[in-house]
Amino acid sequence: MARSDRIVILTGAGVSAESGLGTFRDEGGLWAKFDPMKLATPEAFADDPETVLGFYNARRANLSDAKANAAHHALAELEQNWMMDGRSDFLLVTQNIDDLHEQAGSASLLHMHGELLRTRCSLCDHLFYDREDMAIDRLCPACTKAGGLRPHVVWFGEMPLGLDQIYAALSRCDLFVAIGTSGTVYPAAGFVSEARRNGAHTVELTLEPGEISDFFSERHYGPATEVVPEWVQGLG
Ligand code: APR
């Protein structure tokens, strides 16, 4: 296969599973324990902000002792080598709201579903890095009003972030790699078709075949901490 020059990588919860952070749709996953319609929608936040904020505060606390794993580190190393080899485009799109890619050193990174460690004021749109608990009576540090603070996370029914940049990268890329995602949530699940349409080589690295596996020209199954470093090593 010719040497790739422009890569788009998409990661999902599976890349963080071995760091102890749950996935959503596996056995015992988050959405098996909690109803996303009651916790991850703007309506749920409007109806019962305390419960929604409590859910995200617990996930934020859970993140504090999670560490990047070998898959995150392999992707950060790939990015450094990619740029050093003079290849032109590298974009890591993650559906994850954890900070493990950042911990590993990834820089060209786009959180399309937002970030658990950022809080946004829905009254003034102030966005800030925050490890504290969110509460409905907590004052926004910018507009000093209460009642607007929410996690900077894309809820069901809201627009994912960075789609213009993502589709522009997909239209140019010659290599698309999906890692640890079930391919059940759009628009992310449609990225592989977009990349194929533009002639990219497509690779799936995940635990087991999922809903979009047939769209990939190359597939490697197993735990991300094994298949991702192996695949990165084998890249020309
Ligand atoms: N290594 C690699 N892949 C794994 C591992 C592992 N150790 N463990 C699980 N997986 C795979 C599962 O096989 C599954 O395909 O990771 C995938 C996890 O799928 P989901 O739980 O559906 O997570 P994801 O695809 O990221 O969900 C997408 O849905 O609820 C929304 O916003 C949420 O970003 C999330 C989106």
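Where is the place of L91? L91 sits in strand β2.

## Basis of the model

This is a predicted model, in which local features need pLDDT of at least 70, side-chain atom pairs count only at pLDDT 80 or more, and totals for chains, interfaces and linings use all residues. Residues are numbered from 1 along each chain as its sequence is written, and side-chain values use heavy atoms, with hydrogens and water left out.

Helices (H or I, at least four residues) and strands (E, at least two) are DSSP runs, numbered from the N terminus.

L91 is buried, at 7% relative accessibility. Buried means under 20% relative accessible area, exposed means over 50%, and partly exposed lies in between (1.4 Å probe, protein chains only).

Residues up to four places away in sequence aside, L91 touches I7, V8, I9, S108, L110, Q165, I166 and A169. Contact here means heavy atoms within 4.5 Å. F176 is 85 residues from L91 in sequence, yet their C-alpha atoms are 9.8 Å apart in space.

## Helix α7

Helix α7 spans residues 163-172. Its buried residues are L163, I166, A169 and L170. These residues lie on the same side of α7, because they cover an arc of only 130° around the axis. The arc is that of the directions from the helix axis to the C-beta atoms. An α-helix has 3.6 residues a turn, so residues three or four places apart point the same way.

## Helix α9 and V232

Helix α9 covers residues 224-234. A224, V227, V228, W231 and V232 are its buried residues. Their arc around the axis is only 125°, which puts them on the same side of α9. On the other side, E230, Q233 and G234 are exposed. The buried residues of α9 pack against β1, α5, β7, β8 (201-206) and β9 (218-221).

V232 has a relative accessibility of 12%. Leaving aside neighbours within four places in sequence, V232 is in contact with A74 and L78. G190 is 42 residues from V232 along the chain, and 24 Å separates their C-alpha atoms.

R87 lies in the loop between α5 (70-84) and β2. R87 is buried, with a relative accessible area of 7%. A polar atom of the R87 side chain lies 2.8 Å from the backbone oxygen of S4. A polar contact is a pair of N or O atoms within 3.5 Å; within protein, one must be able to donate a hydrogen and the other to accept it, and residues adjacent in sequence count only if both atoms are side-chain atoms.

S106 is in the loop between α6 (100-104) and β3. Its relative accessible area is 8%, and S106 is buried. Not counting residues up to four places away in sequence, S106 touches L75, A76, E79, L92 and H101. S122, in the loop between β4 (114-121) and β5 (127-129), is partly exposed at 41% relative accessible area. With residues up to four places away left out, S122 touches G148 and R150. A polar atom of the S122 side chain is 2.7 Å from the backbone oxygen of G148. A142 is 20 residues from S122 along the chain, with 12 Å between the C-alpha atoms.

## The ligand site

Which residues come nearest to the ligand? Of the 23 residues around the ligand, they are F24, R25, W31, T181 and S182. A residue is near a molecule if one of its heavy atoms lies within 4 Å of it. The shell has 9 nonpolar, 10 polar and 4 charged residues. Ala, Val, Leu, Ile, Met, Phe, Trp, Tyr, Cys and Pro count as nonpolar, Asp, Glu, Lys and Arg as charged, and the others, Gly among them, as polar.

A polar side-chain atom of E18 lies 3.0 Å from a ligand nitrogen atom. Q95 places a backbone N or O atom 3.2 Å from a ligand oxygen atom. H113 has a polar side-chain atom 2.9 Å from an oxygen atom of the ligand. Taken alone, the ligand exposes 730 Å², and the protein buries 93% of that. Accessible areas come from the Shrake-Rupley method with a 1.4 Å probe; for residues, only the protein chains shown count as cover.
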